[in-house]
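Take a look at the chain below.

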Amino acid sequence: MRVAVAGCCHGELDKIYETLALAERRGPGPVDLLLCCGDFQAVRNEADLRCMAVPPKYRHMQTFYRYYSGEKKAPVLTLFIGGNHEASNHLQELPYGGWVAPNIYYLGLAGVVKYRGVRIGGISGIFKSHDYRKGHFECPPYNSSTIRSIYHVRNIEVYKLKQAKDKGQTARATKFLALDKCLPHRDFLQILEIEHDPSAPDYLEYDIEWLTILRATDDLINVTGRLWNMPENNGLHARWDYSATEEGMKEVLEKLNHDLKVPCNFSVTAACYDPSKPQTQMQLIHRINPQTTEFCAQLGIIDINVRLQKSKEEHHVCGEYEEQDDVESNDSGEDQSEYNTDTSALSSINPDEIMLDEEEDEDSIVSAHSGMNTPSVEPSDQASEFSASFSDVRILPGSMIVSSDDTVDSTIDREGKPGGTVESGNGEDLTKVPLKRLSDEHEPEQRKKIKRRNQAIYAAVDDDDDDAA
């Protein structure tokens, strides 16, 4: 079986399929399967563009929308995983995988399928340690934080993949490919010969073991921003092994009527881009995709997006544990229900992500939008410059927790007026009272005082803010 592997696609489907056609004319035969390894950019319309975590100068519609609308059809079965430059709202509709266009299949947050007897697995996104143990809490409209965290890998997906085993088969490792972006004179595509089962069907199939794992781990799904750990054999969990059993796989087969063929049930869920009628203010909606609904109903699991919408209704926010400063301070004049389309703070300089361009020019270093406030405290011995607002201290080490008696009955000068003072209920000026800390290394009565010149270090914010700066 001839398998083509592409690097970052960046929506350049026309160019990739044209290159495949050229390779087929020059090579020994047609390509059977195309694998795309991230940054696929399944952008359907202008709203999808606004959900890509890239600076505005990199927002281009490219050619995927033509395959989504049915104007064109992929000439070869195409499978892909998500990267860090994606139409995240589109891919979020298909957390367990599904068709984004006829003959183009997304593997989901993590997924395993089979084609001609070959198991193909993948996981979408990039790794960021501070989001790894969180749940999938993000949903449209995204703010300047969730537009990035939405594509950060979570421990639940890695945990599920680790439950899969290559039972009764000889494990084979495919060589690692370092492929470039889809640009002229770049090595962005490579064709491999992969052994397969000649008797296996030539259509995409579900992997029975993977489906059994999805069903077994359904109760582990978390849609909050809290940090949490996966079950392990440490005496704290009643169950830690969620690998597929023979009995479990038999039950799943019965639920699917012994038919593992992935149904060709693609459907259009959003308006498609029309070059003659651009719509820059298309509304962002958290959609439930009928493919996911059908898949979950067959397997007997709950759609992550349904859980999210239920949580949203209960808490009246989307992403209860995420900072909403950027949305609340949006002064662009557009509807607050929309994500702020001015993502100029999404600088192309991001040490944790793949660069879209190898060029560095002055306009690629974009200053943060005035609506995106980053709290800071300048070191000073002047009481007039000292803020007693503890809401500005976002992250504080456990050994440096400010004791509650420093904040009881206090009245904070929220407006930060020069020369303002902060008084407690008994009239004492709090700007003259040093903060305290609790330490595990000392007795409670031996609390150490903190000097004001060190206050700046306690105004640190989440390291992902550096990505958005």
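## Reading the elements

Helices (H or I, at least four residues) and strands (E, at least two) are DSSP runs, numbered from the N terminus. Keep in mind that the model is predicted.

Is asparagine 222 buried or exposed? Asparagine 222 has 13% relative accessibility. Buried means under 20%, so asparagine 222 counts as buried. Not counting residues up to four places away in sequence, asparagine 222 touches Lys134, Gly135, His136 and Trp228. Lysine 134 is 88 residues away from asparagine 222 in sequence. In space, the two C-alpha atoms are 7.7 Å apart.

Now turn to asparagine 155. This residue sits in helix 7 (residues 155-163). Asparagine 155 is buried, with a relative accessible area of 5%. Lys134 and Trp228 are among the residues that asparagine 155 touches. Tyr132, Arg133, Asn229 and Met230 are also in contact with asparagine 155. Again, residues up to four places away in sequence are not counted.

## Helix 1

Helix 1 covers residues 13-26, which makes 14 residues. From first C-alpha to last, helix 1 reaches 20 Å. That is close to the 20 Å expected at 1.5 Å a residue.

Which residues of helix 1 are buried? They are Leu13, Asp14, Ile16, Tyr17 and Leu20. Seen down the axis of helix 1, these buried residues fall within an arc of 165 degrees, so they line one face of the helix. An α-helix has 3.6 residues a turn, so residues three or four places apart point the same way. Glu18, Arg25 and Arg26 are exposed on the other side of helix 1.

What do the buried residues of helix 1 pack against? Their partners include four strands by name: strand 1 (2-6), strand 2 (33-37), strand 3 (77-81) and strand 5 (104-106). Strand 8 (189-193) and helix 3 (64-69) are partners too.

Helix 11 (304-315) has 12 residues. Its span is 16 Å from first C-alpha to last, close to the 16 Å expected at 1.5 Å a residue. Ile304, Asn305, Arg307, Leu308 and Ser311 are buried in helix 11. Seen down the axis of helix 11, its buried residues fall within an arc of 155 degrees, so they line one face of the helix. Lys310, Glu313 and Glu314 are exposed on the other side of helix 11. Helix 4 (88-92) is part of what covers the buried residues of helix 11.

Isoleucine 302 lies in the loop between helix 10 (290-299) and helix 11. Its relative accessibility is 41%, so isoleucine 302 counts as partly exposed. Together with Ile288 and Val306, Ile302 makes a nonpolar surface patch of about 210 Å².

## Salt bridges

Side chains of opposite charge can pair when their charged atoms come close. How many salt bridges does a search of the whole structure find? The search finds 14. One of them joins arginine 2 and glutamate 193, with the closest N and O atoms 3.2 Å apart. Arginine 2 lies in strand 1 and glutamate 193 in strand 8, so the pair ties together parts that are 191 residues apart in sequence. Arginine 2 counts as buried at 11% relative accessibility, whereas glutamate 193 counts as exposed at 55%.

Arginine 44 forms a salt bridge with aspartate 48. Here the closest N and O atoms are 2.7 Å apart. Both arginine 44 and aspartate 48 are buried. Arginine 215 and glutamate 251 also meet in a salt bridge, at 3.1 Å from N to O. Arginine 215 belongs to helix 8 and glutamate 251 to helix 9, so this pair ties together parts 36 residues apart in sequence. Arginine 215 is partly exposed, with a relative accessible area of 28%. Glutamate 251 is partly exposed as well, at 34%.

There is also a network of salt bridges, linking Asp14, Arg66 and Lys72. Asp14 is one of the buried residues of helix 1.

Notes
Residues numbered from 1 in each chain as written. Predicted model: local features only at pLDDT ≥ 70, side-chain atom pairs only at ≥ 80, totals over all residues. Heavy atoms only, no water. Patch = residues over 30% accessible without salt bridge, like charges linked within 9 Å, V, L, I, M, F, W, Y side chains within 5 Å. Areas by Shrake-Rupley, 256 points an atom, 1.4 Å probe, with all protein chains shown as cover. Salt bridge = Lys/Arg side-chain N within 4 Å of Asp/Glu carboxyl O. Buried < 20%, exposed > 50% of the residue type's maximum accessible area, 1.4 Å probe, protein only. Expected span 1.5 Å × (residues − 1). Arc of directions from axis to C-beta. Contact = heavy atoms within 4.5 Å.
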